[in-house]
Amino acid sequence: MTSTLRKLAVGLVIGLAAWLAATGLARFGLLDDIELAAFDRRLIATHRPADAHDDIVIVEINESSLDALEPVFGRWPWPRLVHAGAVDYLSRAGARVIAYDILFVDRDLRGAFPVGGRTVSGAESDQALIDSVGRAGNVVLAANAAFEGLESGAAPEAVAPPLPGISYAPGEGFQRRPYLTLPIEPLANVAAGVGHTFLVLDPDGTARRILPFVEAQGRMIPWLGLSAALAATNRQPEDVSVDGEWLRIGDTRLALLADPVPGTPPQPSRQMLLRQHGPYATADGARTYPSYSFYDVLRAEDAWHAGEAPALDPDVFRDKVVFVGLTALSENDVHTSPFGGPPLPGVQLHAAAADDLLSARTMRRAPAWASAAVTAAASVVTGVLAVVCLLRLGLPAIAVFAMTLAWGLTSAVGHGLWLASVTPALGLTLALFGGTIWQWAVEGHQKRQIKALFGKYVSPDVFSHLVAHPDVALGGQRREMSVLFSDIRGFTSTSEKASPEAVVAQLNEYFTAMVEVLFRHQGTLDKFVGDMVMGLFGAPVADPRHADHAVGAAVEMVTVLDRLNAGWEARGMPRLEIGIGVNSGEMIAGNIGSSSIMSYTVIGDAVNLGARLESLNKDFGTRILISEATRARLTMPVATREMGAVTVKGKTTAVLVHAVGAGAGRDGMQEVG
C-alpha cells in the first residue's frame, strides 16, 4: 500500500470512529440541549420578519391596556362586555376571522357592578359577549385542554358536549388529553369554532412546537391558531388528514414530529415545529406581525358609537385573521423565545401556526438518517484532510470545509429544514483531534526521525522532500546509486606538526566546504570517518543522474580544495591533498544500527569498491578515480583517462578504473558523456 493510500485508510478509520462517537452521544440524548440552542442561533441568523403573512394581525392586551382600563372596569380579568366591544369593532372593520386567546369557560356569577355610569350584572356581561360573537359569526374561541383531572381521580364526563363549528378527524397518533373545557355553552353555541391552547415546551423551556390537534373525550380539537386558519380558508373535514409524516390540509402539507410527550409512560404525540419569522418584539419595538393595543380598539368602538371618526383605522383589520390575546408579562401567558430577548406571548404562537398554514410554509426536522449522513461526511472528510494533508495545509482546508458546512446547515433552517448541527460539529472536532494526534504520534515521529537522521546530512531541498515523504527514507531498499569517498593524504603527519586547535579549525573549514559541495550536487553526507568524507548520490531520494552528480561533486571538491589551499598558504597553514573514489551500482540503503542508535547508510560490494578506488589514488598518483560502472552511466561531458584493470581487495575479478580531469596525472585524457 502506498503512503497516500495508507493515509487515506487511516483518515477514513479516524473519521468513522469520530462519527460513531458523535452519533452515539447524540443517540443517548446528551447533545439535545446544545442542539436546541444551536437551532435557535441558526433561526436568529436566517429569520426574515418580512416573510410573515400579511393577513395576520394581533390585538394585544398589554400592560398599557390593563393600566388604562383598570379605573373603568377594574383589574384583570375584565367583564366580558369589554371583549364584546372589541369583537363588535373588529367585526365591523371587516376582519375575516377573530381568534380569541382568552378562556371564557366559567359564567360570570357576580351581581350588579358599576361600569362607567351604569350598573351591569355578570349575566348581562356574559350575554353582551354572546350577542357580539353571534352577530360576528366568525369568532374562534379558546378551549382549555391543560386540565389533568382531580386528585380524587374522578373520570371525565362519559358524554362530552359537541364542538362548535366544523369537527375534524385528521387521523391517529395525536396526544390524548383527559379533559377539554369549552367556553360556556351559550357562547360556544354561537362561535365559529374552538381551538385548544395546551402548549408543549422543549426540555429547555423554550416554545418551538405545538400540538396541531389533541384528542379529548373522543373529539379532535385543533390548536387555536390552526383552527383560526382553517376557518379563514373554509376547510372541510375531508380536507384535513395525516399523510405519513405530514399533516395534509387541502393542497398544503405541514411537517409533523412523532416525539413522545413526557409522562409515565411517555405517550406518542404528533407535534408540529413552528416556522417562526421573528421575535415578539425587536430591540426597537418592531413587531413581526402588525400589532395594535386592545385599548385603542376599544376607544375606536366608543368613537363609532359617538359618531366620531376612530383614531384606529378599521381598514387595518379588513379581511385579516385577527388574534386577540394577552401580551402583558404580569399575566404569565408568555414563554421563552427561541430568539431570546422579550418572552414570547402565547398569542404570537397561535399567529405563527396560522402563518404556516396560510403561507404553506413549514419547519421540518430532517430524518435521523439525513443527520447521520451529514455527520459521517463531516467526520470522514475532516479525518482524511487531517491525516493526508500537512497541518499547515489541512487546517485551512478543514476551516473552509467547516465554514461551508455551517453555512449550509444554517441556510437549511432558513429554508425550513432542521438538520442537526451539533453532532456533525462534534464529529468534525473529534476527527480533527484524532487526525492531529495521528500526525503528531505517527507522522510527527517519522519526521522527527527524519530530522534526527538527515537534518545535517542533506541539502534543505532534499530534507523537505524527505519530510514530505518519510517512507522514502526510513525503509531498507535496494537502490541504483553512486557512492563517493574522499580522504586527506598524509594528514596524520601534517597534524602532528600543528596545535590541536589549529588542526580542528582547519578540518572544520575543510569539511564545511566539502559538505556544501555535496549538497550543491544533490548528495547526502553519510558520515565523517576521521578525515574521510563519505557521500551518497541517489539515496535517500532517487536520482536518475546520480553518476553525473557524484563525479561533478568530486571535480568541484578538488577545485574548492585548491582555493582553500591558496588561502591556507597565505595564512601560513599547511596544504591538504585528497584522493577521491567514486563507484556506481546496486547498493542497500536504509536506517541501520542498534535499537538505541541508528544512522542512515549504505552497504554492499559496490560501496566497498568505492572505498578501494579512493585508496588507489596513491598508487596511480591521481586525485579522482571512478569505476567503469560510473563512467558508463555518465550523461555529461567529463574528461577521463583509462588507468587499466586492477584487482582490489575482496574482488576476484579485475575492475577497469578511470582517472578524471586534471587529477589523471598522465596525458591521453578522453572525454565521455
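**Starting with one side chain**

Is Phe-528 buried, partly exposed or exposed? At 38% relative accessibility, Phe-528 counts as partly exposed. Here, buried means under 20% relative accessible area, exposed means over 50%, and partly exposed is in between, using a 1.4 Å probe and protein chains only.

Before going further, a word on what you're looking at. This is a predicted model, where local features need pLDDT of at least 70, side-chain atom pairs count only at pLDDT 80 or more, and totals for chains, interfaces and linings use all residues. Residues are numbered from 1 along each chain as its sequence is written, and side-chain values use heavy atoms, with hydrogens and water left out.

**The overall picture**

The protein chain has 19 helices and 29 strands. These are DSSP runs numbered from the N terminus, with helices being H or I of at least four residues and strands being E of at least two. Of the 673 residues in the protein chain, 49% are buried.

Now for contacts, meaning heavy atoms within 4.5 Å. Take the contacts in the protein chain with a separation of 6 or more: residues 24 or more positions apart account for 74% of them.

**A look at helix H8**

Helix H8 covers residues 294–305, twelve residues in total, and spans 17 Å from its first C-alpha to its last. That is close to the 16 Å expected at 1.5 Å a residue, where the expected span is 1.5 Å times one less than the number of residues. An α-helix has 3.6 residues a turn, so residues three or four places apart point the same way. In H8, the buried residues are Phe-294, Val-297, Leu-298, Ala-300, Glu-301 and Ala-303. They pack against several elements, including helix H3 (63–73), helix H4 (80–92), strand S1 (56–61) and strand S16 (321–326).

What happens at the two ends? At the start of H8, a side-chain oxygen of Ser-293 comes to within 3.2 Å of the backbone nitrogen of Tyr-295. Just after H8, Gly-307 has a positive phi of about 75 degrees.

**Rings and charges**

Rings of Phe, Tyr and Trp (its six-membered ring) pair if their centres lie within 6.5 Å; planes under 30 degrees apart count as stacked, over 60 as edge-to-face and the rest as tilted. The count comes to nine aromatic pairs. In one of them, Tyr-100 and Phe-104 have ring centres 5.8 Å apart and planes at 45 degrees, so the pair is tilted. Tyr-100 is buried at 1% relative accessibility, and Phe-104 is buried at 3%. Back to Phe-528: its ring and that of Phe-511 have centres 4.3 Å apart and planes at 35 degrees, so this pair is tilted. Phe-511 lies in helix H16 (residues 500–520) and Phe-528 in strand S22 (residues 524–529), so the pair ties together parts 17 residues apart in sequence. Phe-511 is buried, with a relative accessible area of 10%.

Some rings have a charge over them, which takes NZ of Lys or CZ of Arg within 6 Å of the ring centre and within 35 degrees of the ring normal. The charged end of Arg-92 sits over the ring of Trp-304, 3.6 Å from its centre. Arg-253 lies over the face of Trp-246, at 4.3 Å from the ring centre.

**Salt bridges**

How many salt bridges does the structure hold? There are 31, each being a side-chain nitrogen of Lys or Arg within 4 Å of a carboxyl oxygen of Asp or Glu. One joins Asp-55 and Lys-320, with the closest N and O atoms 3.6 Å apart. Asp-55 lies in the loop between helix H2 (32–46) and S1, and Lys-320 in the loop between H8 and S16, so this pair ties together parts 265 residues apart in sequence. Asp-55 is partly exposed at 22% relative accessibility, while Lys-320 is buried at 18%.

Arg-135 and Asp-88 also meet in a salt bridge (3.1 Å, N to O). This pair links distant parts of the chain, with Arg-135 in helix H5 (residues 122–136) and Asp-88 in helix H4, 47 residues apart. Arg-135 is exposed, with a relative accessible area of 57%, whereas Asp-88 is buried at 17%. Elsewhere, salt bridges that share partners join Asp-40, Asp-202, Asp-204, Arg-208, Arg-209, Asp-259 and Arg-365 into one network.

Note on methods
Polar contact = N/O pair within 3.5 Å; in protein donor to acceptor, adjacent residues only side chain to side chain.
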